[in-house]
Amino acid sequence: MTTSIQSSVDDVEFELMLTIGLVVLVIFLFPAQSVRDDYSQWAVPLSLVGTFAAMYMLGYSLDNLSLMALTISTGFVVDDAIVMIENISRYLEEG
């Protein structure tokens, strides 16, 4: 690999690990106690595994554009997971 590609892969790896860590931290710190035990902290890792599996089955390669798309889509998954947890908490409080 060239230096720029290796640097891009290293940066994306760091960003994805940081994102997963922050998502798990936010899920454990802020929602209601009853929601903390859900499997919502697995939203980001499972979506990434599913994405890599789909890319492998479809024969796609992991280039700089794919890495950028993974980084951006991880933000969408994080946002959706937090909104889902807030809605679950709200519905549980309402009964």
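**Figure 1. Val12 sits in helix α1.** The model shown is predicted. Val12 is buried, because its relative accessible area is 12%, below the 20% cut-off. Leaving aside residues up to four places away in sequence, Val12 touches Leu67 and Thr71. Val12 and Leu67 are 55 residues apart in sequence. In space, their C-alpha atoms are 6.6 Å apart.

**Figure 2. The whole protein has 4 helices and 0 strands.** Along the sequence the pattern reads α-α-α-α. The protein has 95 residues, and 23% of them count as buried. Take the contacts with a separation of 6 or more: residues 24 or more positions apart account for 68% of them.

**Figure 3. Helix α1 packs with helix α4.** Two packed helices are described by the angle between their axes and by the distance between the axes. Helix α1 covers residues 3-29, and helix α4 covers residues 64-94. Their angle is about 5 degrees, and their axes lie 10 Å apart. That angle makes α1 roughly parallel to α4, because angles under 35 degrees count as such. The α1 side of the contact is Ser8, Val9, Val12, Leu16, Thr19, Val23, Val26 and Ile27. They meet Asn64, Leu67, Leu70, Thr71, Thr74, Val78, Ile82 and Ile85 in α4. By class, this contact of α1 with α4 holds 11 nonpolar, 5 polar and no charged residues.

**Figure 4. Helix α1 also meets helix α3.** The axes of α1 and α3 come within 9 Å. They cross at roughly 145 degrees. From α1 come Leu16, Ile20 and Val23; from α3 come Val44, Pro45 and Leu48. The class count for α1 with α3 is 6 nonpolar, no polar and no charged residues. A closer look at Ile20 shows it touching Val44, Pro45 and Leu48, with residues up to four places away in sequence not counted.

**Figure 5. The largest nonpolar core has 11 residues in all.** Val12, Leu16, Ile20, Val23, Ile27, Val44, Leu48, Leu67, Leu70, Val78 and Ile85 make up this core. Helices α1, α3 (43-58) and α4 each supply at least two of its residues. The most come from α1, which gives 5.

**Figure 6. Helix α1 has buried residues that include Val12 and Thr19.** The buried set in α1 is Val12, Leu16, Thr19, Ile20, Val23 and Ile27. An α-helix has 3.6 residues a turn, so residues three or four places apart point the same way. How far apart are the end C-alpha atoms of α1? They are 39 Å apart, which agrees with the 39 Å that its 27 residues should span at 1.5 Å a residue.

**Figure 7. Helix α4 has 31 residues.** At 1.5 Å a residue, α4 should span 45 Å. Its end C-alpha atoms are 46 Å apart, which agrees. Buried in α4 are Ser66, Leu67, Leu70, Thr74, Val78, Ala81, Ile85 and Ser89. After α4 comes Gly95, with a positive phi near 100 degrees.

**Figure 8. Met68 lies in helix α4.** Is Met68 buried or partly exposed? Met68 counts as partly exposed, because its relative accessibility is 47%. Met68 and Val9 are 59 residues apart along the chain. Their C-alpha atoms are separated by 9.8 Å.

Notes:
Residues are numbered from 1 along each chain as its sequence is written. This is a predicted model: local features need pLDDT of at least 70, side-chain atom pairs count only at pLDDT 80 or more; totals for chains, interfaces and linings use all residues. Side-chain values use heavy atoms; hydrogens and water are left out. Axes are lines fitted to C-alpha atoms, for helices over the stretch in contact, and angles run from 0 to 180 degrees between N-to-C directions. Angles under 35 degrees count as roughly parallel, over 145 as roughly antiparallel, 65 to 115 as roughly perpendicular and the rest as oblique. Contact means heavy atoms within 4.5 Å. Ala, Val, Leu, Ile, Met, Phe, Trp, Tyr, Cys and Pro count as nonpolar, Asp, Glu, Lys and Arg as charged, and the others, Gly among them, as polar. Buried means under 20% relative accessible area, exposed over 50%, partly exposed in between (1.4 Å probe, protein chains only). A nonpolar core is a set of buried Ala, Val, Leu, Ile, Met, Phe, Trp, Tyr and Cys residues joined through side-chain atoms within 4.5 Å. The expected span of a helix is 1.5 Å times one less than its number of residues.
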